[in-house]
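Trainee: Could we go through a few of the labels used for this model, and ask what stands behind each of them?

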Amino acid sequence: MAEESFLTDDFLRQLINVGEVDILVGLPTHNNAKTVGSIVQTIQSGLVGAFPRERAVILNVDAGSRDNTPELVTSISIDDMRPASNLHALRTLHSISTQCEASPAKGAFRTVLAAAELLRARACVLLSPDSTNIQAEWIATLLRPIYHDGIDLVTPTYCRHKFDGLLITNLLYPMVRALYGLKIREAYATEFSFSGRLGSQFLSQNSWDDGAGAELRFILAAITAKFRICQSYLGEKIHVERRASDLVPALRETVGSLFTALDPDLPFWSAVTGSQPVTTIGSEHEVCLGPLRINRKRLREMFATGVNELESVFESILSPATLAELQRIAGMEEEDFAYPAELWVKTVYEFAASYRKSVINRDHIIQAMAPLFRGRACTFLTENRNSSADEVESNVESLCVDFERLKPYLQQLWNV
Amino acid sequence: MLRETVLPLNVSSLNNDPLWYKDAVIYQVHVRTFQDSNGDGIGDFQGLEQKLDYIQELGVNAIWLMPFFPSPLRDDGYDISDYHSVHPSYGTLDDFRKLLSSAHDRGIRIIIELVSNHTSDQHPWFQESRSSRDNPRRNWYVWSDTDTPYKGARIIFLDTETSNWAWDPVSKAFYWHRFFSHQPDLNYDNPAVREEMWNVMKFWLEMGVDAFRLDAIPYLVEREGTNCENLPETHVVLKELRRKMDENFPGRMLLAEANQWPADLRPYFGDGDEFHMAFHFPLMPRMFMALKLEDRKPITEILQQTPVIPPSCQWSLFLRNHDELTLEMVTDLERDYMYDTYAESKMMRLNLGIRRRLAPLLANDRRRIELMNGMLMSLPGTPIIYYGDEIGMGDNINLGDRNGVRTPMQWDGGANAGFSTAPQERLYAPLIQDPVYGYPAVNVLAQEASEHSLLNWMKRIIAVRGSTAVFGRGSIEFLRPVNHRILAYVRRLGNEAVLVVNNLSSSAQAVELDLRAHKGTIPIEMFGKNMFPRVGDLPYLLTLGAYQFYWFRLRRI
């Protein structure tokens, strides 16, 4: 029996009406009515300003909003802005919308890739509705390397607060860099652009049973297939307040996806030594130092509680030496607490190896990582409490070097 | 003067409808380019008269003749040195009268040029005016001791002129000119000039000409602190000429040449008491733009901005003419796009435009040529066909100025393309000889012999257009299918409705049209007269091949 298409007839009709395009902008949404209007206007300004001659479509993939988000996306016209902006679109600029599964992370990216292939888009960009500080220039910054310079993937770099993106600085960036050999700052990006050929290849070669983390797998796939990659600086990254309960889903999407990729990518990453810089347009990365309140005490307590309560789980995942060391630091007084970099790297690598072997349910492995990450985050916050931007960057670099230095340890675990 | 004495002698074949220009298809031709009857290498009135059967068979019912007056020909006749005669190269006044009569016999009206804004600097009026500061005709032109007045006026011929003022060494003063410096502007603040221009019109109207194309009319009057275009005083002058013409020569027509935005053009129609027709300049480049972009937006956008005009008035539409494809009425962004896509060679560019003919602009793609003519014939207005475009003639960008699109008409594949018996080197301009567009490949004789030639297709579409008044007189309502590559509209006049669907794309397209307002009608395709499925409640699905278009008469039976 033929596989049923995940694209609805109504969506296909919209695509037929749009026809072939040069540029596709993907915008996954879920109840973003308050901000999506200005974001779409900014995207339109960016397209008209930087790509006035190109055929473009804005594709909204909505996860069942109840606040008319899709209607807002499709009703906004560049011509409405004309008197204020003096922008004039040479050709019709389409905005279309379709639905995906309840979570925008699941299915949205696949829908964007499918639409890009059907519309034969040369260049695509995925944008986040959370990026309320989006600038029209982002469109050019992300798309020009694809459209004009033959690049296949553009990942962003940002000006981040020194304590924003702790999962990226303490795990994703150093581990992707160590294993895949490229200094890609934001391997888990909510804004990035890619060529149509990269999109088509990924669409056809990947299983889409679970759409979560597809963006990270996409970027890793681009690295292993040796597509041309660069980074573009987008400026300030809006800090999105997250609840403690958001961490496990985030770990599933990021760390889970990364761990999942390691097995099929073994031939690639096992042959990689060291790491290479990636061409970056604009600044590499900037750190800003403004005040940001994070409850370190609470993080340490959650770490200690987790280590104690999940001992039996950790016995399945971690080596006795690593577990013993974690238990030792879990008993430290608050002022003495430190989760050293080397111990953290070994922890992560041991989790990765256990994940591969599925020593217990893989989702439980990911969940078990949450308290440990909180402990590492607490240490990072403490160590960099009074650090300058350069010092923070130096510490991140040092952690990356540790990940690279200890990579043989991961290989050793992998081969056991 | 009694009206009976001013009517042309032979008007029996012309219909008496005073709105005749609404149903017309106009053929634009330069006497010099069409047919040489005396072997001197230059087309003439007798030659044109010999070819009236060809023009009649094409199906057009009006001819617009470019300037044929005595002139030093430094601007292809738009530099007139005598308004009351004809250039000797083209024949005599009697020859013109015979042409006029023969055209009328065939039901074809004649539109001539009235270059009213300026004269040649060789015109006796200017020679007198410059002869001394106290000459009676001194004030017939615009003089100044300095070149500082009217700084707000733009320079139109940017490639050749650096100022709108030119120094006259004879009278040691500056004279005003909006075009070439050898074309001094007449001073319409002077009542004597206005009276004399009416005398010029009267001269030709009495002879029987049916209409004037008034050249460069926005520039008639100058005022300090303005851009010297479209001034209220200009409209006063024009209304006065129109009133006199209507009183003395009813049924004649004035056509405005004013390269302006539609909103600025609107006043030239007045309350139906100024011009009968005006060229819709901004639409033309946007038709080319829409075709290249494969997007209807440029066309629908400019037509949305086009104001309603009085019922007796009409837009005049064209694809190409004797000038460059003007890009004055587009944005910088659009101009750059047009240059890059239609004139990649700098030699193809002139002033703010592209000096190319229709077929080369469209890469000699028959489908695109047909689609563009289909839109020309079906959008609201009176279409004008530039001579030679009906057979897909090419151009010669190696000739200077706009002469590359003014080469001899290609009648056959024989000597001099059948245009003249003169030695080839005596022709007023070289023939097109390249392998694609040269006269051996592109000529009337060959196309008349081929049922499916462009020429015969043009005859068919003109005939189909003429089968209904809806195209010339009907309203337009744009349909807005989501597929932006489709330009669709319904033309309606009384109970008659015609649906036009154009595929601007180079690939096949499907389109769903909302035709609920026409539920129950049966679309009859107007070329083949075949029925299509009856219109119902559901979106009406059509598929169109690359650059295909349909005209459907929506019949309620």
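Mentor: Keep in mind that this model is predicted. Let's begin in chain A, where A:Arg120 sits in the loop between α5 (108–118) and β4 (123–126).

Trainee: Why is A:Arg120 called partly exposed?

Mentor: A:Arg120 has 14 other C-beta atoms within 10 Å. A residue is buried at 20 or more and exposed at 12 or fewer, so a count of 14 falls in between and A:Arg120 is partly exposed.

Trainee: And what is the phi of A:Arg120 near?

Mentor: Phi there is near 55°, a positive value in a residue other than glycine. Most residues other than glycine have a negative phi.

Trainee: Which residue of chain B has a phi near 50°?

Mentor: B:Ala216, and that value too is positive in a residue other than glycine. B:Ala216 belongs to the loop between β7 (211–214) and α8 (232–248) of chain B.

Trainee: How do you know whether B:Ala216 is buried or exposed?

Mentor: Count again: 20 other C-beta atoms lie within 10 Å of B:Ala216. The cut-off for buried is 20 or more, so B:Ala216 is buried.

Trainee: Back to chain A: what makes β5 (residues 153–161) and β7 (residues 229–236) a pair?

Mentor: Six bridges join these parallel strands. Pairing needs at least two, so β5 and β7 of chain A pair. In β7(A), A:Ser232 is opposite A:Pro156.

Trainee: What about β7(A) and β8 (residues 280–281) of chain A?

Mentor: They run parallel and are joined by two bridges. The requirement is at least two, so they pair as well. A:Gln231 has A:Thr280 in β8(A) as its bridge partner.

Terms used. Residues numbered from 1 in each chain as written. Chains lettered and ligands numbered in written order. Predicted model: local features only at pLDDT ≥ 70, side-chain atom pairs only at ≥ 80, totals over all residues. Helix = DSSP H or I, 4+ residues; strand = E, 2+ residues; numbered from the N terminus.
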